[in-house]
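The sequence and structure are shown first.

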Amino acid sequence: MAASTYEEIMRDISAKKFSPIYFLYGTEPYFIDSVASEIERTALDEDMKVWNQIIVYGKDVLPDQIVIEAGQYPTMGDRRVVIVREAQDMDSKPKGDVEALIPYCDAKLMQPSTILVVCVKLPEDKGNHKTLYSKTAKFATAVQKAGGVTLETKRLYDNQVVGWINNYVASQRITIDVNAAEMLAEFVGVDISNIVASIEKLKVAVGGKLSHITADIVQENIGLSKEYNTFELKSALMTRNVAKVNRIVKAFSLNPKQHQIIPIIANLFPVFRKVLIYHYSKNLPMAEILKAVEERSEWSMRENVLRPASFYNPQQCYRALLLLEQYDMRAKGLNYPSVQDGDLLRELVFRIMNC
């Protein structure tokens, strides 16, 4: 079986279509934990779990022990489940990495009545863990050749978070305002587990069935300051509200770890880009304008594009984009001396509002 998507794997598990071996690996732990937990929950009836479900952790087990467990026949049942969580921790032992599990992928050794689930959570800095990445890739290839299921997970990029939130709440039969999704992304970040936990928190907070998420619900229950957040900075900057921009930047400088300039720039760049595109496409039919500026509705375009367009003409948008690119390089230390984020942000917003 070839590598599968998370959605395909979860559908098959729900339909009780199991593979004899799953290899779940990557830098985003949410999908790894979700698949393993769903197999743990559904593969065996409750009365069979005590006999035929084995859950071990990498720090406590060696590959040969896993092979022995996976090779056993089920007791008083027709299926056995062996789940190896945090298998990357085996790497600290001699011959204790996932590459040592490759022999189990041989058809002569693999036990067809066993579901073996191996979970490896990879560090994001691949350069410092080349050996772990290499061994993981070798085992993934062996699993695929044996007809097993592999799932490689990756952390979301900043510009993917809002889209993921929209898709996730839709899967939960919940709708969410554009502003609410952006605020949730800005506060929680790219960690999917934290995003899901925050949405669950909102469900509890409203005290009933949550059908629609507004910006007010996010502000009141996730702990996001109503005034001092990136969303409000963006809104104030795009309407040239000098007093409010200065208050927010001052607050950010007092808490630099929570308000780093690089994510702030990443949030500002698409806004000026959309406004610039709008200025050069505003004579087109509305449907084409919406597509050009990547907005879903006329309402969201009014808030996110038309309003800022009345404060920034095309030349000012272009200059703002150049400034954002320049200060992004400065924040990353590329050909510029190191400067505190607060000082850089203060200088950046001053230059944008006066461009």
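Where is the place of K16? K16 is in the loop between helix 1 (6-14) and strand 1 (21-26). The model is predicted, and every value in this report is computed from it.

**Positive phi values**

Most residues other than glycine have a negative phi. K16 is not a glycine, yet its phi is positive, near 65 degrees. With a relative accessible area of 45%, K16 counts as partly exposed. M76 is likewise no glycine and has a positive phi of about 55 degrees. The loop that holds M76 runs between helix 4 (63-71) and strand 3 (80-85). M76 is exposed, because its relative accessible area is 59% and the cut-off for exposed is over 50%.

**Overall description**

The protein has 16 helices and seven strands. Its C-alpha atoms fill a box of roughly 75 × 50 × 40 Å, taken along the principal axes. Of the 355 residues in the protein, 46% are buried. The accessible surface comes to about 18,400 Å², and carbon and sulfur atoms account for 52% of this surface. Among contacts between residues at least 6 apart in sequence, 74% join residues at least 24 apart.

One pair of residues gives a sense of the distances within the model. E152 and K244 are 92 residues apart in sequence, and their C-alpha atoms are 44 Å apart in space. E152 belongs to strand 5 (residues 149-153) and is partly exposed, at 47% relative accessibility.

**Aromatic pairs**

A pair of aromatic rings is described by the distance of the centres and the angle of the planes. Seven aromatic pairs are found in a search of the whole structure.

| Pair | Centre to centre | Angle between planes | Geometry |
|---|---|---|---|
| Y30 and F31 | 5.4 Å | 75 degrees | edge-to-face |
| Y30 and W164 | 6.1 Å | 85 degrees | edge-to-face |

The pair of Y30 and W164 links distant parts of the chain. Y30 is in helix 2 (residues 29-42) and W164 in helix 6 (residues 161-171), 134 residues apart.

**Helix 10 and what follows it**

Why is helix 10 (residues 230-238) largely enclosed by the rest of the structure? Eight of its nine residues are buried, so the rest of the structure largely encloses helix 10. The buried residues are T230, F231, E232, L233, K234, A236, L237 and M238. Their cover includes helix 7 (178-188), helix 9 (215-222), helix 11 (242-254), helix 12 (261-279), helix 14 (298-309) and helix 16 (341-353).

At the N-terminal end, helix 10 is capped by N229. A side-chain oxygen of N229 lies 3.0 Å from the backbone nitrogen of F231, and F231 is one of the buried residues of the helix. The charged end of R240 sits over the ring of Y312, 3.9 Å from the ring centre.

**Cysteines**

A disulfide is a covalent bond between the sulfur atoms of two cysteines. How many disulfides does a search of the whole structure find? The search finds zero. C105 is in no disulfide, and the nearest cysteine sulfur to its own is that of C119, 15 Å away. Seen from C119, the closest cysteine sulfur is in C105, and the 15 Å between them is too far for a bond. C105 is buried, because its relative accessibility is 10%. C119 is buried as well, with a relative accessible area of 3%.

Technical notes
Residues are numbered from 1 along each chain as its sequence is written. This is a predicted model: local features need pLDDT of at least 70, side-chain atom pairs count only at pLDDT 80 or more; totals for chains, interfaces and linings use all residues. Side-chain values use heavy atoms; hydrogens and water are left out. Rings of Phe, Tyr and Trp (its six-membered ring) pair if their centres lie within 6.5 Å; planes under 30 degrees apart count as stacked, over 60 as edge-to-face and the rest as tilted. Helices (H or I, at least four residues) and strands (E, at least two) are DSSP runs, numbered from the N terminus. A charge sits over a ring if NZ of Lys or CZ of Arg is within 6 Å of the ring centre and within 35 degrees of the ring normal. Buried means under 20% relative accessible area, exposed over 50%, partly exposed in between (1.4 Å probe, protein chains only). Contact means heavy atoms within 4.5 Å. A polar contact is a pair of N or O atoms within 3.5 Å; within protein, one must be able to donate a hydrogen and the other to accept it, and residues adjacent in sequence count only if both atoms are side-chain atoms. Accessible areas come from the Shrake-Rupley method with a 1.4 Å probe; for residues, only the protein chains shown count as cover. A disulfide is a pair of cysteine sulfur atoms within 2.5 Å.
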